[in-house]
Each structure stands twice: as C-alpha cells, then as structure tokens.
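Here is a short report for a reader new to this structure. Please keep the sequence and the model side by side while reading.

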Amino acid sequence: MSFLRSLIGLADASRRWTRLRRQSHGGFTGGPFGRSFDVRHLDAGSCNACELELQALSGPAYDISRFGMGFVPSPRHADAVMLTGPITRNLEEAVRLTVEATPHPRVVIACGDCACGHGPFAGSYAVVDAPESVVHADVRISGCPPTPQAILDALMEARGGVS
Amino acid sequence: MFLIVAGALFISAALVAVSVPLERVRVLSGLLTTAGTFALLGDAVSRLVTPGPWGTVRVAVAVACAASSALSALHGLSYSAAWDGTRRSRALAAGFAIFVGGLYGVVVAEDYWALIVAWEIMTLASAVLVGVDYERPDTRVALAWYLGIGQISPLAFTLAVAVAAPPSWSIESIARSLAAASGPAQNLAFVALLLGAAAKAGLVPLHSWLPRAHPAAPSHVSAVMSGAMVTLGLLVFSRLAPLGAATAHPWWGWLLVTLGVVSVFLGVLNALVDGDLKRVLAYSTIENMGLLAVELALGLGFFDISVPVQRLALAAAGLHVVVHALAKTGLFLSAGTLIHLSGTRLLDRMGGLLRSAPGPATAFILCAMSAAAIPPLAGFAGELMLLRALVGAAHEVSQVPATALAAATAVIALGGAIAAGAYARAIGIALLGSSRSAQESHLSVVGLPEKVAVAVPAAVLLAAPLIVAALGLFGAAGDAMFSSLSELGVIDGMLLAAGAATFALTRGRIAKPVAMRPWVCGISTVTSRMQYTADSFSQPVVRVFAAVIRPSVQIDVDRHPLSAHTVRSRTYGRSTARIVEDALWQPALAAFARAARWGKRLQSGSISGYATWMLLGIVAVLLAARWL
Amino acid sequence: MYATVLNIAAMVVTLVAAPLVPGAAAAARARSAGLSGPSVIQPYWQIAKLLRKQYIAPTVASPIYWSGTLVGVAAVTSALVAVPAAGGISLPSSDAVVVAYLLMLATFLQVMAALDTGTPFGGMGASRETMFAALAEPGLMIAILGLTVGSGTTRLSSALAMPEVSPMGLLGHASIALALLVLGLAENSRMPFDNPATHLELTMVHEAMVLEQSGPGLALVHLQSALKLTLFWLLALNVVVPMARPDSWGPIVLVLIPLALVAGGTLLGLLESWLVKARLFRAPDLLVVGLAMAFFGLLVGVIA
C-alpha cells in the first residue's frame, strides 16, 4: 500500500516539478560551488527553534534539494557550516574545530539572532561573549527564529560566490 | 652437484655455529647457511628448467622450499641479532642450517629410508628452533603439541609402506606395490597416507599444533615452516598414494575435499578472530593448505573428470605452492621485523607501523594481498585456476557429486572473502592509524639483510603477472599455469590504465593532500586508544558466525570501595572456543592418560610379576605364529 | 573492427553515464516523498564541485589513504567495463571470479583507507563493511557462477551463449536475479542494509568509512559507489535480457544504456522509499537469504 502511495507521490510531484524547474538553481551558473552546495549544520546551544525551521527546508514546501543543496553529516563533505545557537562555552572548541575541518572554499553562516550575537541568551554566563570571536560568519540571518524563506535566501547568497 | 655443495655448506655452518666465539656465530654461520640455500635455489631452478621425471607438485615444492629457505636465511643474518651473545644463538644457527638441509632432503629423496631420515632430522631441528625461547610457557606447550602431532606423520607413512610390503625401499617401488595391492590394503594405505599428510599440513582436525608452534618459533624459522614445510606432507602423499586406483574408491577424493574445505573455513574464521599477528598468519596457512588439498584432489585424478580440468587443477596446485611460499615467507619475515620494532606480538598494541617502518610494512601489505588472493598480486592467479577447475569439474560429473562440488565452491568463495577481511584487519590495526601503545623496543634498527629479504617476495609477487603477461605477448608462455598469470598481468594493465585515467581526472590533486588533525566529530583530544582494536573489528563477523566460533566474554568491573556506583576500571576480554580441541583432542588425551595410568599397574616392581608377563607374551607370540 | 569501436563507445558511455543511477535514485526517492527533488544529473555537479575543493588527509594517514581510493575506482571501473552490456565481453576481466575479486579489492582498500584515518568511526565503518562484504561478495561470485557453470567455464561470455528454455533454468535465473538484487543492495550500502542519507554516525556503515574524506577523495568515493551500482544493475539486466550487448543490438545501445541506468536508478529509489533500514544485526539474516538464493542458482546451473 505504501508503495502505491509513493507512486502517486511521484506522479503528483512531477507536475509541480515542471512548474518549479524554471526556478531551479535560481538561474545560477557560476561561482566556486557550481550547482552543488552542501551544508553542515552545527547546533551550538540552540533552543531548537532554528532547527525546526531548518527541517522545513528539507520538506516539500521549501525543498532545498531542487537547488542542489543538502545537509551532510561531516564538515569534511561540506561547503558551508550553518551555526545555530549562541555558542555555549562547552561547545566553543568544537565550533572552532568544525569550521577548521571544512575544506576551502568554505562559508560560515550564522542562523538566527543567537548566532548573530544578539539573541535572548546573549550575556549569559554559559555562552561566549561574542560568537564573532570564536568564528567569523560570512552570512548572517537574523530572526528568532528566521523564516525558512529567509534561510533559503541566505543560502542562495552564500552559494553565490562568498569565499 | 648443487646438493653436495649445499650439504657441505650446511654441515660446515652447523659446525661453525658450535665452535666459533658467540659474537661471530650469527654472521659466520648465517653466511654459510645462506650460501647453502642459494645452492639449493640453483638446484631447484635447474629442476624447474629440466624437470625430468619429477612431477609438477614436486618441482613446485622444491622451488618453494629453496626460495623460502634462501629468503629466511638472508633475513636471519640480521634478525637473529636478538639472540646474540647467548648460547641459544648457537642452537638457532646450527638448528636452522640442519633444518633447511633436512627440508630439502625430503624433497629430493628417492629412497624411503632417506626420506624418513631427512624427515626426522627436519622435525628434530625444527623442534629445537621452536623451543629456542623455552622459558615462555606457551613455547613449551607449543613444543609438546608440535612433537606430539608431528610424530603421527612418519608413523602413518611407515604404516602405509608396511602395508605395501614392497620389494625394495625406493619410492617408485613402494608406489607400484601400493598400486598393485588389494582393495582393503589400498584403503588402509590411503587413510594412513592422508593422516600423515594432514598432520604435517595442518588440515583440520590435526591442525592444533600449527597455531601454537608457528608463532612460538623465531620469525625466519616460522617463515620456512609455514611457507615450505607444511607442503611436504602432501608431497609425500602425492608420491606414494595409489592414484591409479582412485576412481575405484570415490570416497577418497571426497574425504580429501572435505578435509580441505573444512580447513579453509575454520582457518580463515580463526584468522579473522585471533589477536596475535603471527597466529593470524598461521591460521591463514591452514586455509591455504586446505585449498591445496582441494587442488590436489581434483588434479591427481581422484575424480572422474577430463584431462584438461585435471591439468588445470594440478597447475593451480603448483602455482599455489610457489606463490604461497613466497607470500607466507614475506609475511612472516616482515612480521618478525615489525614485532621486533614494536616490541609486541599483539595486534592491539601495534599501530602506525607503516609510517615508522615503511619498507617491511609495505612488503607485508603486498604479501598479504597475495595471500588473500586479491588482484593485482600473483596469488589471485592460483585462486582463479582453482575456481575454474572446480567449475569445470562440477560441469562434468553427475548430479550428486556436482552438488557437493558446488557446495565446496561456495565455501571456498566465502573463505576467500573472509580471508580478505582477516588480512585487512591485520594490516589496518597493526600498520595503519597510530600506535596504540607507547612501547618502544630497543631494536629500532632494521638491518639491510632484513630489508632485502622482505622486499624480494613482495616485488616478485607484484611484478610476476606483469612480466609473464609481457612475455606472453611475445608468445613465450604456453603452460596453463602461466596463462593464468598472464591473464592476471593483462588485468593489472587494465587497473594501471584505469588508475592513470582517474588520477588525471583529479588533475593529480588526489596525491597531494593537506595534513590536518582528523575531524572525529569535533572531539578536542583524540588519542590512539580511541581507535578500533582487533577484537572490536572482528566483533560483527564473530556475531554472525557465533555458532562456529563460540565466543565467550569476560568483563571484570573494579568498583570504588566507598561507592558501589562509581567504577574505577573495567576489563574486557573475549576468548573463542577451540572446537576441534575440545571435541576431539581433550577427550583423546584424557583417555590416553587414563590408559597410561592403568598401564602403570603393570610396573609392579616385583620380579615374579615381570616374569609372568614375559611368559604370557612368549606363549601368545608362539600361538600367533602357529596359527597365522 | 566496427564491433570493437562500438564496444569501446559503449564502455565509455557506461562509465560516463554511471552517476545517473544514484542521481535517478535520489530523484525518485524525493519525488515519491512529495518533494520536487534534485535533478537526475545532480551527482555530476556534486562530483565536479568536489574535484575543485581542497583535499585534506589526517596527519596519521599514509599514502594508502589516497591511493586506496584511487585504486578502488580503477578496480570497479575494470570490473564494470567487463559486463556484457557495457561491451567488454572479450576483456580478460569479463569473468565471474575476476569481477567478484576486483570488487573485493575495492572493498579491501576502502577498509584500509578507513582504518588509516586513526579515528573510531573509520574503524566502525570498516568493521561493519567487512561483515557485509564477507557475505555479499561470495554471494555475488556464486550468483554469476550460476550463470556460467552451465558451460563449464567462468567466462561471462559463456553465460549468454546458453539458450534458456527449461522451467528449471528460468527458476535458476530468477533466483540469481533476486540474489543480485539483495546482495547488490548490501554491497552498495542501500536500504535496508544502510541508509545513504543518514546523519547519525552510529547507524552508518559505508558513510562512516568516508567521514574524513574531502575534495577529490570524496569525489572518487561518490564515483566508485555510482560505478558499483551501475555494475550490479547491468549484471542483473544481463541475467534477464542476456542479448543486451552492443554487438548484438548495434548503435542504439549507446542511447539505451543511459536510459536503462535512469530506469534502474528510479526503480532503486522507489524500492528504497518503500523499505526501512533493518537493525544492523538483522542484516546478516538477509544476506544469508541472498547467499542461499545465489547458491540455489548455482545448483540449478550445475544440475540442469
């Protein structure tokens, strides 16, 4: 039964596919990453609101896979490290190591107000004074949490040639 | 002529070993022994070029023995420095010279007495060598097993000869007498010969000495024992067995194939599980002898198959003997060097040896790939020929035997994959990654003889397919043995071409990585103890084959005296059951001990008792002579 | 001469079109879940990008780390071009035993490269992959031998020369095709043995071995898995349609091969979206079923 449902899903998606095809890759052809962009998400003490919005990105509504983007498990496989959360003191070393482990060319994206340095937990004893002191972010997305569309726009911008 | 020179050199090496001052024993005696083995090599090569009446198997065994002895003697020149300055260095040097002399003597003997004398010389000399480190308890146990099972071979062979009742002692007349003997006599002789061969080759269930004796001996001795000596049993079997009558007794071939297949399976499984580097190699030898038994079963005419298939199997046997000798010798020699460098024999204490000793480690990897029959090394050619022979034989025999041969093929295929896994584990844990212990050995210099001795077999196994393929292009190779090697050489060429194309695809950047600390999920301190151990690597396969391996786990927890919830340390140990020993040998030895205790009662100490027994014995003999 | 040119063209097309299989599989899997999904040619973009990125190796790694990946791709390439559908039927590697052992070489080197990283995840992936390979690779060899043993040799060319009419023969072929399916899923780290899209390291088998790979090394890893998938798919295709060869079908094969690969990838994607990942120690049970089916195929080939 579930197999039939997947077949139906296949047919249904194909119709949407023809419509969305024109929007694919955002009309983009150049840059260091071409048409493939892999992101490694790192939770540096986040409250998980940003993670829920990130999960929406992999769903049918926003679907980053049609742009050749995806989440990968290892920073060695990644082009971008997406940081959520205010970088707690416990994870400070790991954040640094993760970003260093990502091969060049690479982008660091700070997702959410916490990662940008001005979220609700800024100034707490358990978080670093400024995320910028741990790792420099190339792209910032503000919002608490930011909408999936805003994250998608930032991903497009990150892919578009920031080195 | 070569033989006389070699014999003289070995005898002088032994004399030198017992007479010169201790510091000079290794070099002087070693040089004489090495020269002697080169003479043996000359003899073997001359037999290869002009075989004369010698069969494929005998020529192959001769080449194997000579090559293995030469490489080990060369290796021993610097390797046996570990025993320098002790009286044992005399025993080691003299014993080794006599050992390789006796070894080759068994191969060239044309007369049964010469064969048995050479055999016993070889066994006793190798026993001295196995027991060189006699203060270790496991060495003493190994010696007991080695001599115990080792004596089965000459006894069984002599029983077969007695059954034959030949007119003269030459091997040919014994073989003729056996061929002409009656059915029951032939059956008895076959079983005796097979028993003797299996005991020497380490086929299951007579294999229990092999994983004990080969690790206990010094590595250059283990190399000769594992590479060359184990094939001698099957050689004598092939020379004496009444092969012409084999098709009249179909169960002969099946018994040989069954022993072979079971040895393959148990050998590789234990190789994958064991934690001692040299014992892994010893179990791999058991597997290879199992393969050789199957090849001989097909190639010597035990089955009713066509001549081309028989010749293919026999060529497979010959190539396998030579390639296995080279690979196993290379493996043991490089393992010995690596063990001296790291100071331990346990896989779980090693690591990163490829970076600290690139020469021996690379040789180990190449020889291991050949022993696991992985292309592009030469070992694959033997496996290819064996599988082709099995498929050809299965196609020709009737349905029931074909099913059994198909099952044998399946088990051998499974064995091949597990062997690859076992060697990947040994290489990965011992040579790659980083060192798991801080142990440093004082022997941190690898001598030049050792380096040469491990490089030669690796280079030969790597280059042989390519050279034979190149020769084949010029039409020089015609034999079945060489056609497989040249086929492998062409495949090697394909691999090289594909590799070059892939290298070009990455524009050469694949060969220039930037070195950085590993990612490991962002852990800040990565220690070498975090790596997988040999036990953990084999755990999934152990779980799959738990019914055969029967692992048992011991976990000891040391808790803090003040708080039972605080654990100070945990110790994990895993041991595997030795099924053949528990099922066969322990009960047999216990029964033997009981019988011996009963027999002690005959030694009552009273003269009248002894006189009574002697009287009864004479009466029994007179009656037997009267009635028979 | 014409046949040789056609065969070589087919080999080149097969090698170039190999990434279509994982691409189509990911696309089908996404679309059956209701997403628009990635393009079928997305693997090409990913491999091209990875080839341009920096290549990092752990400090404890030896040359085995990168040469293992390189020789692994070479081994799978040599095996793939020998499949009859790819046109390599007269190559020396067009042999059941050789194909199986070339794949064993690739796995062997991958395991060593994983242990060379000196990380616990490398060891974990290597040990699990060894367990799968110990059962799947002999199964592959036995399955293909079931095709070739009917003629008494191990050459793949003889597998296609036999006319198959008897019901027993068809049963044997069906068993072999099923065995290739099950063992192919295991060997290529697909559901239900391994989820290629998982992010949880403790559930990884193949992915755990390549967590440290980057840049050109990772590109070669993706290429190798694409080539291996193509190999299994074309072998299974040849079991069902033995006459699918360039010299029998002519130049139309050059168009049919990419189409067949896309079709195979789509079927794989649909199958994966239907299956769930099995518990790690249930996988050997499934593998033994595959082995048994392969052995049954061998028995039929030997007896019939």
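Which residue in β2(A) is the bridge partner of Val39(A)? The bridge partner is Phe71(A).

This is a predicted model, in which local features need pLDDT of at least 70, side-chain atom pairs count only at pLDDT 80 or more, and totals for chains, interfaces and linings use all residues. Residues are numbered from 1 along each chain as its sequence is written, while chains are lettered from A and ligands numbered from 1 in the order in which they are written.

**The elements of chain A**

Chain A holds six helices and five strands. Helices (H or I, at least four residues) and strands (E, at least two) are DSSP runs, numbered from the N terminus. From that end, the order is α-β-α-β-β-α-β-α-α-β-α. Chain A has 163 residues, and 47% of them count as buried. A residue is buried if 20 or more other C-beta atoms lie within 10 Å of its own, exposed if 12 or fewer, and partly exposed in between; C-beta atoms are placed from the backbone.

**The sheet**

Five strands of chain A form an open sheet in the order β2-β1-β3-β4-β5, with parallel pairing. Two strands pair if DSSP finds at least two bridges between them. The edge strands are β2 and β5 (139-141) of chain A, and each pairs on one side only. From one strand to the next, the twist averages 25°. Two of the pairings are set out here.

| Strand | Partner strand | Sense | Bridges |
|---|---|---|---|
| β1(A), residues 37-43 | β2(A), residues 69-71 | parallel | three |
| β3(A), residues 80-84 | β4(A), residues 107-111 | parallel | five |

In the second pairing, Leu83(A) stands opposite Ala110(A) of β4(A). Helix α3 (residues 92-101) of chain A packs on the sheet and touches β1, β3 and β4 of chain A. Its direction makes about 160° with that of β3(A). Helix α6(A) also packs on the sheet, touching β1, β2, β3, β4 and β5 of chain A. The direction of α6(A) makes about 175° with that of β5(A). Strand β1(A) is mostly covered, with six of its seven residues buried.

Helix α2 (residues 49-57) and helix α6 (residues 148-159) of chain A have axes that come within 9 Å and cross at roughly 70°. Axes are lines fitted to C-alpha atoms, for helices over the stretch in contact, and angles run from 0 to 180 degrees between N-to-C directions. From α2(A), the contact uses Glu53(A), Leu54(A), Ala56(A) and Leu57(A). From α6(A), it uses Pro148(A), Ile151(A) and Leu152(A). Two residues are in contact if their C-beta atoms, placed from the backbone, lie within 7 Å.

**Chain A meets chain C**

Here, 28 residues of chain A are in contact with 31 residues of chain C. Helix α1 (residues 2-21) of chain A gives the largest share of chain A's side, 11 residues.

**Nonpolar cores**

A nonpolar core is a set of buried Ala, Val, Leu, Ile, Met, Phe, Trp, Tyr and Cys residues joined through C-beta atoms within 7 Å. The largest has 354 residues; Leu193(B), Phe364(B) and Ala368(B) are among those with the most contacts inside it. Helix α15 (residues 307-342) of chain B supplies the largest share of this core, 21 residues. Apart from it lies another core of 39 residues, including Val81(A), Val99(A), Cys111(A) and Cys116(A).
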